[in-house]
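Subject: Handing over the structure

Hi there,

I am passing this structure on to you, with some notes on what turned up in it. Please have a look at it first, and then read on below.

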Amino acid sequence: MALLDIQDLSVSFETRFGKQMAVDGYGLSLERGEIHGLVGESGAGKSTVGAAILGLLPGGGQIEGGSIRLDGRELVDLSQRDWHRLRGAKISMIFQDPQTSLNPLLTIEEQLVETILTHTKLSEAKAKTRALSLLEEVGIRDAAARIADYPHQFSGGMRQRVVIALALCSEPDLIIADEPTTALDVAVQKQVLALIRRLATKRGVGVLLITHDMGVIAEITDTVSVLRDGRLVEAGETNRVLGAPSAPYSRSLIASVPRVEKKVARFPQLSDAGPRRGARSDLAQRGAEWLLSRPGAGSKREGDILDLQGLSVSFRSGGGLFRQSRVVRAVKDVGLRLAVGETLGLVGESGSGKSTIAKALVGVHKAQAGALRYFGRPLALTEKRPARDPSRREIQMIFQDPYSSLNNRWKVGAIVSEPLRFHGLCKNRREAAAITTSMLALVGMDPDAVGKYPHQFSGGQRQRIAIARALAARPALMICDEPTSALDVSVQAQILNLLKDIQDRFGLAILFISHDLPVVRQMSDRVAVMQNGVLVEEGAADAFYKSPRHDYSRMLLAQTPSLDKLADPQILAAQTVA
Amino acid sequence: MAIEDSADQGAAKRETLSLWRRIGRRSELAYLFLRSPPAMIGALLTVLSLGATLFAPWVAPTDPFDLAAYDLLDSLLPPAWAAGGEARFLLGTDDQGRDMLSAILYGARISVLIGGASIAFAAILGVTLGLAAAYLGGWFDHVVMRIADVQLALPAILTALLIDGVARGVLPSESHDRLMIPVLILAIGLSLWVDFARLARASALVERDKDYVQAAEIMGLPAWRIMLSHILPNIAGPILVVLTIDLAVAILLEATLSFLGVGVPADQASLGTLIRIGTAYIFSGEWWIALFPSLALVLMVIAVNLLGDFLRDALNPKLR
């Protein structure tokens, strides 16, 4: 008998617009020691499946039909009392964010022992030995000394190991891991995934791994099911589903995953919201002409578009009226050069200072030292409020989170036309309105978007609007700070295609900042690697991905989940056309 | 081809969903409002009392400020339903023979005027300072917030009394009565601006780190423009909530000051003045002079508070 057997599961949510199906007829069979991946884009209902198995559906959620059997026991319609006995004991959970899933006021030992005592009949002394052996099992070095520490004394990856130890306390049969590595850097992600694999095999625990990340799926799962809009699209052996997907949706999903091994000119992308041919192309054409008709575009500008030397940025933190503040050096002596029409990929783990460089370049952060030249002309960098320098107009930025980068109280038209109005790039209101709609057309948005508010759009559409706003300032250099990290993979492919198109058409230079090496590979001509605020390696992208020189770069590349199992995107593209 | 088809279906489905969401967002406040009886009662009472006070000259039976309209012979008459009451004075009369109902309607008018004006003054001052403190930071932030701390250490009544006392001392006595209302507005406003300053600062600190503010900075916009057109609309929700709740506080504060005798002069009696006059008669049996203005005050404050509570819950996504 399968450990977990789900049949025809349907979950609905009561909303004020009536009942909406979050999961519709989902089925799954999971054996002991097996890792099953549940993959899908946001809103696909994957977390709802996890919550239904745990009996923890959020308010308004209700199981409409089907059955969930754990070891043959029906979980649907279990009483609250039975759930308390089952949850934590037979089924455990690993959450996404190790920062919030541990109690910061209790030591690791207290949390482990408490959980062990709740679920087993061990004495307290035995529970302590058990806690220690669990910590050793999940790979905490020097566990005997560290067990008395508080969560904040551990790094993110170590904390996630503690969370896993916590999930193992009750010797569960089934573990549900909801995006267990999404909050972690790649190097740590690889180790945590290896740990989950090892534990599943050794202890014979079934794992249901919920993620949006194809790399994670390819790395450790045995079987996988692809979900879309609450419906099961395709399920089967991971190698088969990723290598030869049969459903059109999974084919397109896999095709849009950026590969680290190979650069493609464009993502073979089905276009959900991409520019449709026809009505809007004349608008887009007008926008293109406007962008190219830059005053003085004829006169050739000499040299590199950007030349940054010796940039150092530090922050003061914790200071007050009577207290000395602490100085954190975020970026140390970094130099970068960027030629016209070129893309430089800036990679590194979180906290390496990538974003700080971007903010210093656009003048939001004041730098302590350094010199910045734009086509040979010096730009303000270390002065107070450097963003006020008017020659910075041609340097524009795209942010990571499209939900916070647009002012929610403004209509899209006002957002996109603000740079036009402020920089005096148009003669009057009529012209501003015309340019605004043509910019929106350029990024593939309908002209009627001008009258709507940002919350009426999806994440990908919002990112398009943000790009339109940046274009309206007539930039020559675009700084993209993790522009697709907050987006689903198919939307990411659209936005990356859009950025490539814009670059090809208008010869923009792009500084592309990302932690995601496969994405950077797809976008960059050259790559620069940051570690702890220092630039450790810089070079041509092809050479970098073939043979990185610095140890740190080598480590980063080695830890990136391998996508060998995934079918070749070009083959998938061919299937798409056929 | 198959991929394109399923993609189009997906797009269509998303389109309808976002349409629903669009309608939902627009009427979200209305949706929550119609499901909150306290909010509806609050709104009804607020509209009724505001309407009655605004249209007092047309609603009230007599004009209590018109010396010719009342007669000392009618003084201290009980409400119409009590023994000895007369039908023309529904809520009885005060010691001057004025109709209580009219006095309350006109008095509430002055209370609302002073409360509203002082809260507007406090909000403009407080939001400006708080917003600038958050956005500019540095020494300006320190100075403004320390002043706010000092202000918080002084009870609102004390501040108001202080300003009132200084004004009485400085202003010539003949212009005194005329200037009393502006002085009260200033006094109450100055004792309430801290609420707004602290709230505006706290909310603006959250907003200023969001990317849209940085996008505006990258555009090179001047600080005042970023504060006014970008940050202010985004922190308006919580400020609106404090505005309604503090309006009740301001009305109460005015009543307290008038009750203590430092408020508006007796010939322009506000609710507080009426209550003060009434207290002198409670023990001699003329309870209605103090009771009815007090009830009117309680009703108004509760109404505004109910509305404020609703707005606080409705505009705070964490409480839903």
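What share of the 320 residues in chain B do buried residues make up? The answer is 46%, where buried means under 20% relative accessible area, exposed means over 50%, and partly exposed is in between (1.4 Å probe, protein chains only).

Before the details, a word on the ground rules. This is a predicted model, in which local features need pLDDT of at least 70, side-chain atom pairs count only at pLDDT 80 or more, and totals for chains, interfaces and linings use all residues. Residues are numbered from 1 along each chain as its sequence is written, chains are lettered from A and ligands numbered from 1 in the order in which they are written, and side-chain values use heavy atoms, with hydrogens and water left out.

**Confidence**

The predictor gives the complex an ipTM of 0.77 and a pTM of 0.79. For chain B, the mean pLDDT (the predictor's confidence in each residue, from 0 to 100) is 81, and 89% of the residues reach 70 or more. Please take care with residues 1-24 of chain B, where pLDDT stays under 50. The model has 25 contacts beyond four places in sequence for that stretch; a contact means heavy atoms within 4.5 Å. Where pLDDT is low, the predicted coordinates should not be read in detail.

**Chain B**

Chain B has 12 helices and zero strands. Helices (H or I, at least four residues) and strands (E, at least two) are DSSP runs, numbered from the N terminus. Of the contacts in chain B between residues at least 6 apart in sequence, 70% join residues at least 24 apart.

An aromatic cluster in chain B is formed by Trp81(B), Trp287(B), Trp288(B) and Phe292(B). Rings of Phe, Tyr and Trp (its six-membered ring) pair if their centres lie within 6.5 Å; planes under 30 degrees apart count as stacked, over 60 as edge-to-face and the rest as tilted. Elsewhere, the charged end of Arg208(B) sits over the ring of Tyr135(B), 5.0 Å from its centre. For this, NZ of Lys or CZ of Arg must be within 6 Å of the ring centre and within 35 degrees of the ring normal.

**Chain A: two sheets**

One open sheet of six strands in chain A has the order E6-E7-E8-E3-E9-E10, with mixed pairing. Its edge strands, E6 (91-94) and E10 (231-237) of chain A, each pair on one side only. Two strands pair if DSSP finds at least two bridges between them. Neighbouring strands of this sheet are turned by 15 degrees against each other on average, direction ignored. Helix H6 (residues 156-168) of chain A packs on the sheet, touching E6 and E7 (174-178), and its direction makes about 170 degrees with that of E6(A). Such axes are lines fitted to C-alpha atoms, for helices over the stretch in contact, and angles run from 0 to 180 degrees between N-to-C directions. Within the sheet, E3 (residues 35-40) and E9 (residues 223-228) of chain A run parallel and are joined by five bridges; Leu38(A) has Ser225(A) as its bridge partner in E9(A).

Another open sheet of six strands in chain A has the order E16-E17-E18-E13-E19-E20, again with mixed pairing. Here the edge strands are E16 (395-398) and E20 (534-540) of chain A. Strand E19 (residues 526-531) of chain A runs antiparallel to E20(A), with six bridges joining them, and Met530(A) stands opposite Leu535(A) in E20(A).

The structure holds seven aromatic pairs over all chains. One of them is Tyr374(A) with Phe375(A), edge-to-face at 5.0 Å centre to centre and 70 degrees between the planes. Tyr374(A) is buried, with a relative accessible area of 1%, and Phe375(A) is buried too, at 13%.

Gly310(A) lies in strand E11 (residues 306-317) of chain A. Is Gly310(A) buried or partly exposed? Gly310(A) is partly exposed, because its relative accessible area is 27%. Beyond four places in sequence, its contacts are Asp333(A), Val334(A), Gly335(A), Ala369(A) and Gly370(A).

Happy exploring!
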